[in-house]
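Morning, everyone. Please look at the chain on the screen while I talk.

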Amino acid sequence: MKTNPTALLALVAAGAALSTLNLPAVAHDSAPAAPVAVSSAVVRQIGLSSNDCNPGKAAFSDDGKFLALNVDCGESRAGRRVWIIDLAANTATPATPPLGGSDPNGETIVQDGTEVLWSGGTLYVTTSMETRGARKGDPTYWAERFFSAKPGQAPQALRQLPAAVKAKFEHPFGRFPVEEVLPDTDNDVVADGVFRIGKHLAWISNDANDNVFLRTRTGKGPIRELSRGGWELTSLQYDPKRLIYPSRNGIIVYDLDAGQPRRVTVTHADARPVAWLAAGRKLAYTSTRGCDGKAQPGARALCILNLP
């Protein structure tokens, strides 16, 4: 999707002019059906029970029966790995081998260096793998790797991705080309956190005090600040009609055309969106207060919710 760099630069620079900023309406509550918790055994198996590990890129299969999830344990011994979770059977199988520690070259603020994409019933993964030099004393390096996996089957290493899959990885919906340079503003725009969604622009920025903002603008209309907080806002999910993001009041589903936010009632400030399937209105999120939001803060749960 091509964009007009000149118009983009003018738009983002306008973000510094806070007098033009409009806030959205107060969020209404959205009362969904009761969420379903992925079993605690699966959460432990994939590493999410550890405070050192965090969910990265994730995607539902087209039919919503499986969730592919990159679990990133940073520099710890567990490293990184992509898993396929069978939501009906409550089981998990690896979609990649262990990938080693975090890749200092491939990870940025919003992107975690690993991308997952379903094509039919097959998951494709593009990532990097920590690799040691051939001789003792050689430095560690990260090699680009590709994998495919089907639910319940062992992952397959690929020399290259199928052409159609590669094209989808290279031109994902809503993303700007990485070569577009954004100017410095009072609230610095995160270069990989700018998204064009039809006539809407959404972007993540932060200021000198590390306050993080999520803002939108429709056409040449006013800039709206949707949320401010910390780097949890980089867990933003989106589709052609809506943004889904964490807030101090819980997960918000924001209708771009209506300009209306709705809070998912079972979530609180600790909840983080992980994946969103627009066709099935299915949301995966994490919570430390249980999937129904009623427990005292404790172990992290992985939850699946169908929104109305």
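I'll go through the overall build, then the cores, then the charged residues.

A word on the source. This is a predicted model, where local features need pLDDT of at least 70, side-chain atom pairs count only at pLDDT 80 or more, and totals for chains, interfaces and linings use all residues. Residues are numbered from 1 along each chain as its sequence is written, and side-chain values use heavy atoms, with hydrogens and water left out.

Overall build. The chain has three helices and 22 strands. Both are DSSP runs numbered from the N terminus: helices are H or I with at least four residues, strands are E with at least two. Of the 308 residues, 48% are buried. Buried means under 20% relative accessible area, exposed means over 50%, and partly exposed lies in between (1.4 Å probe, protein chains only). Now contacts, meaning heavy atoms within 4.5 Å. Take those between residues at least 6 apart in sequence: 48% of them join residues at least 24 apart.

Next, the cores. A nonpolar core is a set of buried Ala, Val, Leu, Ile, Met, Phe, Trp, Tyr and Cys residues joined through side-chain atoms within 4.5 Å. How many residues does the largest nonpolar core have? It has 21. Ile46, Leu67, Leu69, Val71, Ile85 and Leu302 have the most contacts inside it. Who supplies this core? Helix α2 (40-46) and the strands β4 (54-60), β5 (66-72), β6 (80-86), β20 (272-277) and β22 (301-306) each give at least two residues. A second, separate core has 17 residues, including Phe195, Ile197, Leu243 and Leu256.

Back to Leu302. Setting aside neighbours within four places in sequence, Leu302 contacts several residues, among them Val36, Val43, Leu67, Ile85 and Cys291.

Now the charges. Lys57 is in strand β4. Is Lys57 buried or exposed? Lys57 is buried, yet has no salt bridge. A salt bridge is a side-chain nitrogen of Lys or Arg within 4 Å of a carboxyl oxygen of Asp or Glu. For Lys57, the nearest side chain of opposite charge is Asp112, 4.7 Å away. Lys and Arg count as positive, Asp and Glu as negative; His and the chain ends are not counted. What Lys57 does have is a polar contact of 3.3 Å, side chain to side chain, with Gln111. A polar contact is a pair of N or O atoms within 3.5 Å; within protein, one must be able to donate a hydrogen and the other to accept it, and residues adjacent in sequence count only if both atoms are side-chain atoms.

On to the salt bridges. The count is four. Arg215 pairs with Glu225, with the closest N and O atoms 3.3 Å apart. Arg215 is in strand β14 (residues 212-218) and Glu225 in strand β15 (residues 223-229), so this pair ties together parts 10 residues apart in sequence. Arg215 is buried at 1% relative accessibility, and Glu225 is buried at 8%. Glu225 also bridges to Arg228, at 2.6 Å between the closest N and O atoms. Arg228 is partly exposed, at 45%.

Another bridge joins Asp239 and Arg242, at 2.5 Å from N to O. Asp239 is buried at 4%, and Arg242 is buried at 14%. Finally, salt bridges with shared partners join Arg215, Glu225 and Arg228 into one network.
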